[in-house]
Amino acid sequence: MDPGVERVGGVGGRLDHGESDRIFRLLTPDHGICAVFARGARRAGSAASVLDVGVRARVRVRAGRSDLLTFAGAEVEDARIHLRRSLV
């Protein structure tokens with residue numbers, strides 16, 4: 001299986017897709033805005049469930065069937081909890 005490539009950036013937006021999937025907008029300094037499709041991201045325990053708007057992460061992606069990249073994993077670098085608390 002293709003391990004994919006790593007993109008470092010912040011989650012700039014998210015869009016629910018279907019019952020349990022999600023599309024993230026990842027803002028990266030090298031590649032600009034990347035759309036990433038994460039299958040099952042809204043299910044508890046999913047690797048993508050930790051990604052939320054404002055989170056900075058290392059995201060592994062693979063080429064998908066369309067313009068969307070496919071989510072393959074992530075490591076959160078900065079959850080920016082202080083920013084998210086001030087928005088609530």
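Leaving aside neighbours within four places in sequence, which residues is Ser-46 in contact with? They are Gly-40 and Ala-41. Contact here means heavy atoms within 4.5 Å.

This is a predicted model, in which local features need pLDDT of at least 70, side-chain atom pairs count only at pLDDT 80 or more, and totals for chains, interfaces and linings use all residues. Residues are numbered from 1 along each chain as its sequence is written, and side-chain values use heavy atoms, with hydrogens and water left out.

**Around Ser-46**

Ser-46 sits in the loop between strand E3 (32-38) and E4. Ser-46 counts as buried because its relative accessibility is 17%; the cut-off for buried is under 20% relative accessible area, with a 1.4 Å probe and protein chains only. Its side chain reaches the backbone nitrogen of Ala-48 at 3.2 Å.

**The fold**

The order of elements from the N terminus is β-β-β-β-β-α. Helices (H or I, at least four residues) and strands (E, at least two) are DSSP runs, numbered from the N terminus. A closed barrel of 5 strands runs E1-E2-E3-E5-E4, with mixed pairing. Two strands pair if DSSP finds at least two bridges between them. E1 and E4 pair in the antiparallel sense over 6 bridges. Val-8 stands opposite Arg-58 in E4.

| Strand | Residues |
|---|---|
| E1 | residues 5-17 |
| E3 | residues 32-38 |
| E4 | residues 56-63 |

**Whole protein**

Of 88 residues, 33% count as buried. Among contacts with a separation of 6 or more, 39% come from residues 24 or more positions apart.

Conventions:
Buried < 20%, exposed > 50% of the residue type's maximum accessible area, 1.4 Å probe, protein only. Polar contact = N/O pair within 3.5 Å; in protein donor to acceptor, adjacent residues only side chain to side chain.
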